[in-house]
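Please describe this protein structure for someone who has not seen it before. A short report under plain headings would do.

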Amino acid sequence: MSDRFAKTPKPPYYAVIFSNQLRDEHEGYEAMGDAMYKLALEQPGCLGAESTRDGALFGITVSYWKDEESMLGWKRNAEHLVAQRLGIEDWYAHYELRVAKVERDYSGPEGRGEGF
């Protein structure tokens with residue numbers, strides 16, 4: 001299977017869903033995004049992440065976490081705080097962040113019957 005998919009354990013676990021629209025001018029964003037992706041994966045409780053961006057600069061990143069404590073630890077990480085500030089001040093035209101508890105999951109197409 002593709003390494004673009006996060007390898008999550010059996011639920012429950014948490015998902016942080018970050019949808020965002022970049023401004024036309026976003027110099028430095030890609031390098032920071034790559035650095036934050038790598039740093040997030042090193043954080044205690046991080047289970048993985050998946051990210052995509054389209055040609056209109058709309059992106060979605062979903063990171064997966066063992067528990068709420070792990071998510072809060074990442075939110076408060078000093079390097080991540082710098083990236084958050086730059087995102088707000090320089091890179092994002094708009095964003096939405098949602099936190100969800102994953103209670104069921106399955107993979108497909110072969111696992112379709114195992115889900116809900």
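The report below goes from the overall fold to the rings, the pocket, the surface and the backbone.

## Basis of the report

The model is predicted: local features need pLDDT of at least 70, side-chain atom pairs count only at pLDDT 80 or more, and totals for chains, interfaces and linings use all residues. Residues are numbered from 1 along each chain as its sequence is written, and side-chain values use heavy atoms, with hydrogens and water left out.

## Overall fold

The chain has three helices and four strands, which follow one another from the N terminus as β-α-β-β-α-α-β. Helices (H or I, at least four residues) and strands (E, at least two) are DSSP runs, numbered from the N terminus. Along the principal axes, the C-alpha atoms fill a box of roughly 45 × 30 × 20 Å.

The chain has 116 residues, and 30% of them count as buried. Buried means under 20% relative accessible area, exposed means over 50%, and partly exposed lies in between (1.4 Å probe, protein chains only).

## Aromatic pairs

A pair of aromatic rings is described by the distance of the centres and the angle of the planes. Rings of Phe, Tyr and Trp (its six-membered ring) pair if their centres lie within 6.5 Å; planes under 30 degrees apart count as stacked, over 60 as edge-to-face and the rest as tilted. Across the whole structure there are seven aromatic pairs. One of them joins Phe18 and Tyr95 in a tilted arrangement, 5.5 Å centre to centre with 50° between the planes. This pair links distant parts of the chain, since Phe18 is in strand S1 (residues 13-22) and Tyr95 in strand S4 (residues 92-102), 77 residues apart. Phe18 counts as buried because its relative accessibility is 17%, whereas Tyr95, at 36%, is partly exposed.

Trp65 and Trp74 form a stacked pair, with 6.3 Å between the centres and 25° between the planes. Both Trp65 and Trp74 are buried. Elsewhere, ring pairs link Phe18, Tyr29, Trp91, Tyr92 and Tyr95 into a cluster.

## The largest pocket

Which residues lie nearest the centre of the largest pocket? They are Phe18, Tyr29, Ser51, Thr61 and Tyr92, out of 40 residues in the lining. The volume of this pocket is about 1,300 Å³. On a 1 Å grid over the protein atoms alone, a pocket is an open set of points where a 1.4 Å probe fits, with protein on both sides within 12 Å along at least five of seven lines; lining residues have an atom within 4 Å of a point. Grid points are joined across faces, edges and corners, and a volume is the space filled by probe spheres set on the points.

Helix H1 (29-41) gives the most to the lining, with nine residues. Ser51 is part of strand S2 and is partly exposed, with a relative accessible area of 45%. Ser51 and Phe5 are 46 residues apart in sequence, and their C-alpha atoms are 9.2 Å apart in space.

## Salt bridges

The structure holds two salt bridges, each defined as a side-chain nitrogen of Lys or Arg within 4 Å of a carboxyl oxygen of Asp or Glu. In one, Glu89 meets Arg85, with the closest N and O atoms 3.3 Å apart. Glu89 and Arg85 are four residues apart in helix H3, so about one helical turn separates them. Glu89 is partly exposed at 46% relative accessibility, and Arg85 is partly exposed at 40%.

The side chains of Glu96 and Arg98 form a salt bridge at 4.0 Å, N to O. Glu96 is partly exposed at 35% relative accessibility, as is Arg98 with a relative accessible area of 44%.

## Backbone details

Most residues other than glycine have a negative phi, and most peptide bonds are trans. The peptide bond from Pro11 to Pro12 is cis, with omega near 10°; Pro12 lies in the segment before S1. The bond from Gly108 to Pro109 is also cis, with omega near 5°, and Pro109 is in the segment after S4.

Leu57, a residue other than glycine, has a positive phi near 70°. Leu57 sits in the loop between S2 and S3.
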